[in-house]
Amino acid sequence: MIPGARIARISREVKNFERKSPWGISCRPQTEDTYDDLLVTLLGPKETPYERGIFNITVKIPDKYPFEPPLMKFNTPIYHPNIDKGGRICMDLLKMPPKGAWVPTITLETLLVSLQTLLANPNPDDPLMIDIANEYKSDIQKFMENARKHTEMYATGR
């Protein structure tokens, strides 16, 4: 993709958030002069242990975007089998084929809505945090309680 076309696409995608963002998601550039580093605020999905949480995520747009997926990282600690203590996310849409499902037609909005969906529906069969995945599989109530406590501690501003 021609560099100007890359910037135009990223700019268009970010401006779409300003006009009509999906529920609970905001996305903006970290600085006004570049779209390479974005700040995302994600509200925890309703009726989940993350419901009252406000999660901050950084998104780095690679030079080869949209032919390579963005790099996303949670800055807010979260108790989830697919997100590690460093904020790294295990989600197929963030990986290149053949192991992942990234294709250039995926937009930032699609990725962020998918990430919000991952919070509501963890994938314990492809975890980054094996102990949390095992807890999710063996004692869902304990997982829900731990995730809720973690959210209250780190993501509610209390």
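Guide: Let us begin with a term: a residue is called buried when its relative accessible area is under 20%, and exposed when that area is over 50%. Please note that this is a predicted model. Tyr79 and Phe143 are both buried.

Visitor: What makes Phe143 count as buried?

Guide: The relative accessibility of Phe143 is 1%. The cut-off is under 20%, and therefore Phe143 counts as buried.

Visitor: Why is the pair of rings of Tyr79 and Phe143 called tilted?

Guide: Their centres lie 5.9 Å apart and their planes meet at 35 degrees. Ring centres must lie within 6.5 Å to form a pair, and planes are stacked under 30 degrees and edge-to-face over 60. Tyr79 is in the loop between E4 and H2, while Phe143 belongs to helix H4, 64 residues apart.

Visitor: What makes the pair of Tyr136 and Phe143 edge-to-face?

Guide: The ring centres of Tyr136 and Phe143 are 4.9 Å apart, with the planes at 85 degrees. Edge-to-face requires an angle over 60 degrees, so this pair is edge-to-face.

Visitor: Why is Thr58 called buried?

Guide: Thr58, which is found in strand E3, has a relative accessible area of 18%. Because the limit is under 20%, Thr58 is buried. Its contacts beyond four places in sequence include Leu39 and Lys73.

Visitor: Where do the bridge partners of Thr58 lie?

Guide: In strand E3, Thr58 stands opposite Leu39, and its bridge partner in E4 is Lys73. Strands E2 and E3 pair in the antiparallel sense over seven bridges, and four bridges join E3 to E4, again antiparallel.

Visitor: How do you know that the buried residues of helix H2 line one face?

Guide: The buried residues of H2 are Leu108, Leu111, Leu112, Leu115, Gln116, Leu118 and Leu119. Seen down the axis of H2, these residues fall within an arc of 155 degrees, so they line one face of the helix. In an α-helix, residues three or four places apart point the same way, because there are 3.6 residues a turn.

Terms used
Residues numbered from 1 in each chain as written. Predicted model: local features only at pLDDT ≥ 70, side-chain atom pairs only at ≥ 80, totals over all residues. Heavy atoms only, no water. Pairing = 2+ DSSP bridges. Helix = DSSP H or I, 4+ residues; strand = E, 2+ residues; numbered from the N terminus. Buried < 20%, exposed > 50% of the residue type's maximum accessible area, 1.4 Å probe, protein only. Arc of directions from axis to C-beta. Contact = heavy atoms within 4.5 Å. Phe/Tyr/Trp six-rings, centres within 6.5 Å; stacked < 30°, edge-to-face > 60°.
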